[in-house]
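Here is a short report on one protein chain. Look at the fold first, then at the core.

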Amino acid sequence: MALNWTNLQTAIYTAVNSAGITGLDVSWRYTLGAAPIPAKPFCTLQLTTTDLAPGALSATFDEFRPVAGTPTNFNLVHQRRHTLSIQVYTNTTQGSGSASDLLGQINRHLAKQSTQAALLAASIRLWQTSSVRDLSAVLDTRDEGRAQCDYALATQDTTADNIGNILTVDLTGVDVNAP
């Protein structure tokens, strides 16, 4: 089954939004565009994709040596790696309600077994790859709290195709008796 990006994004959005933080506006970073910045607190999600995970490509035929004239199915399975960056912006830089506090709550929610099970049901495996970073001091944003955390995602994409009948195979120059 091919990876459905809409379902992937919906599952991630739902997992983050279901953390139950009152008044937190969650949106994908690419959807903000030229739109006005939402009222704080708000959270942005950004998903970047890396090509195939090393060693995660496998191809199989129905038969190792197909018989001439028989239909042959080809299956390609590969895993992809993604990075999910979550950033939270608030009007508070310290204590309860600060960006790092709210992102910590999201982080704990994403680590729950029930949240992980819901993501797994959508064919997503999620794990935290960094700690919650308070960017307020780093960026010297005294009036705005900012925090970021990165997560790794693994997804599986499957492509199946009936490549038809193999009628002839050209073996010119191939030693068929070689081990």
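## Burial and surface

A residue counts as buried when its relative accessible area is under 20%. By that cut-off, 32% of the 179 residues of the protein chain are buried. The model is predicted. The chain's accessible surface comes to about 10,900 Å². Carbon and sulfur atoms hold 53% of that surface.

## Confidence

Mean pLDDT for the protein chain is 78. A value of 70 or more is reached by 69% of the residues. Among the elements, helix H3 (residues 99–111) has the highest mean pLDDT, at 92. Strand S2 (residues 42–61) has the lowest, at 68.

## Fold

The protein chain has 5 helices and 6 strands. Along the sequence they run α-β-α-β-β-α-α-β-β-α-β.

Of the contacts with a separation of 6 or more, 66% join residues 24 or more positions apart.

## Core

The largest nonpolar core has 27 residues. Ile-12, Cys-43, Leu-45, Leu-84, Ile-86 and Ile-106 have the most contacts inside this core. Two helices, H1 (5–17) and H3, each supply at least two core residues. So do the strands S1 (25–28), S2, S3 (71–90), S4 (124–128) and S6 (145–165).

What does Ile-86 touch, leaving aside residues up to four places away in sequence? Its contacts include Val-16, Cys-43, Thr-44 and Leu-45. Leu-103, Ile-106 and Leu-110 are also among them. Ala-147, Gln-148, Cys-149 and Tyr-151 complete the list.

Technical notes:
Residues numbered from 1 in each chain as written. Predicted model: local features only at pLDDT ≥ 70, side-chain atom pairs only at ≥ 80, totals over all residues. Heavy atoms only, no water. Helix = DSSP H or I, 4+ residues; strand = E, 2+ residues; numbered from the N terminus. Buried < 20%, exposed > 50% of the residue type's maximum accessible area, 1.4 Å probe, protein only. Contact = heavy atoms within 4.5 Å. Areas by Shrake-Rupley, 256 points an atom, 1.4 Å probe, with all protein chains shown as cover. pLDDT = per-residue confidence, 0-100. Core = buried A, V, L, I, M, F, W, Y, C linked by side-chain atoms within 4.5 Å.
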